[in-house]
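Trainee: I would like to learn how to read a protein model. Please show me one and take me through it feature by feature.

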Amino acid sequence: MGYACPRDGSALVSPEDSDRSTFSRLGVHHCDACSGMLLSADAALSAISQDRLHQMHESFEQDGGAEVDLDCPLCDSHMRAREIVFTRLDGTEMDPIELDGCPTCASFWFDVGELQRVSPPENGGSNGGTEAKALAIALEFLFHLPFAIL
């Protein structure tokens with residue numbers, strides 16, 4: 001079963017069909033058109049990723065966050081937005097990233113602009129595929145850092 005990008009309606013590339021091993025490990029569906037990424041705890045192969053995504057999902061179930069104009073590609077529920085702050089290895093906090101999460105299933109949508117704040121693209125980011133790969137690696141690294149949902 002294929003899923004559509006919540007931003008532009010393009011078909012999402014499944015983790016199994018991706019040529020990026022990081023996407024397979026994290027269970028990332030991605031949009032070739034906008035470079036956005038859909039993460040699902042149920043699709044993640046890494047136990048660390050599954051645990052982190054379930055922890056994040058709890059905050060969307062409990063407090064909700066602000067409703068956004070996005071439908072979850074997995075279950076069609078209205079997604080909600082919360083800010084997430086990761087803590088660097090030196091103990092300092094990164095700038096908050098807006099995270100769109102589904103209150104029904106453990107899935108999250110990262111727009112490319114949100115992840116670029118963590119790992120800015122080189123040379124203006126003109127190559128979407130290269131940029132998406134770099135952002136996926138940055139995202140995998142983030143899952144090893146402590147975080148707080150605001």
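This is a predicted model: local features need pLDDT of at least 70, side-chain atom pairs count only at pLDDT 80 or more; totals for chains, interfaces and linings use all residues.

Trainee: Is Cys105 buried or exposed?

Mentor: The cut-off for buried is under 20% relative accessible area. Cys105 has 18%, so Cys105 is buried.

Trainee: How many disulfides does a search of the whole structure find?

Mentor: A search of the whole structure gives zero disulfides.

Trainee: How many helices and strands does the protein chain have?

Mentor: The protein chain has four helices and seven strands. Read from the N terminus, their order is α-β-β-α-β-β-β-β-α-α-β.

Trainee: How do I read the pairing of strands, for instance strand 3 with strand 4?

Mentor: Look at the direction of the two strands and at the bridges between them. Strand 3 covers residues 66-71 and runs antiparallel to strand 4, with three bridges joining them. Within this pair, Ala66 is opposite Ala81 of strand 4. The two strands form a hairpin with six residues between them, and Asp76 there has a positive phi near 70°.

Trainee: How many bridges join strand 4 to strand 5?

Mentor: Five bridges join them, and the two strands run antiparallel. Strand 5 spans residues 97-101.

Trainee: Where does Arg82 lie, and what does its side chain reach?

Mentor: Arg82 is part of strand 4, residues 78-86. Its relative accessibility is 10%, so Arg82 counts as buried. The side chain of Arg82 comes to 2.8 Å from the backbone oxygen of Ser59.

Trainee: What follows strand 5 in the pairing?

Mentor: Strand 5 pairs with strand 6 in the antiparallel sense over two bridges. In that pair, Asp100 is opposite Trp109 of strand 6. Five residues lie between strand 5 and strand 6, which form a hairpin. Strand 6 also pairs with strand 2, residues 37-40, in the antiparallel sense over four bridges. There Met37 is opposite Phe110 of strand 6.

Trainee: How do I read the two faces of a strand?

Mentor: In a regular strand, side chains alternate between the two faces of the sheet. Now take strand 6, residues 107-110, which has both faces covered. Ser107 and Trp109 are on one side, Phe108 and Phe110 on the other, and all are buried.

Trainee: What percentage of the residues of the protein chain count as buried?

Mentor: Of its 150 residues, 47% count as buried. The accessible surface of the chain is about 7,400 Å², and carbon and sulfur atoms hold 46% of that surface.

Trainee: Which share of the contacts links residues 24 or more positions apart?

Mentor: Take the contacts with a separation of 6 or more: residues 24 or more positions apart account for 51% of them.

Conventions: Residues are numbered from 1 along each chain as its sequence is written. Side-chain values use heavy atoms; hydrogens and water are left out. Buried means under 20% relative accessible area, exposed over 50%, partly exposed in between (1.4 Å probe, protein chains only). A polar contact is a pair of N or O atoms within 3.5 Å; within protein, one must be able to donate a hydrogen and the other to accept it, and residues adjacent in sequence count only if both atoms are side-chain atoms. Contact means heavy atoms within 4.5 Å. Accessible areas come from the Shrake-Rupley method with a 1.4 Å probe; for residues, only the protein chains shown count as cover. Two strands pair if DSSP finds at least two bridges between them. A disulfide is a pair of cysteine sulfur atoms within 2.5 Å.
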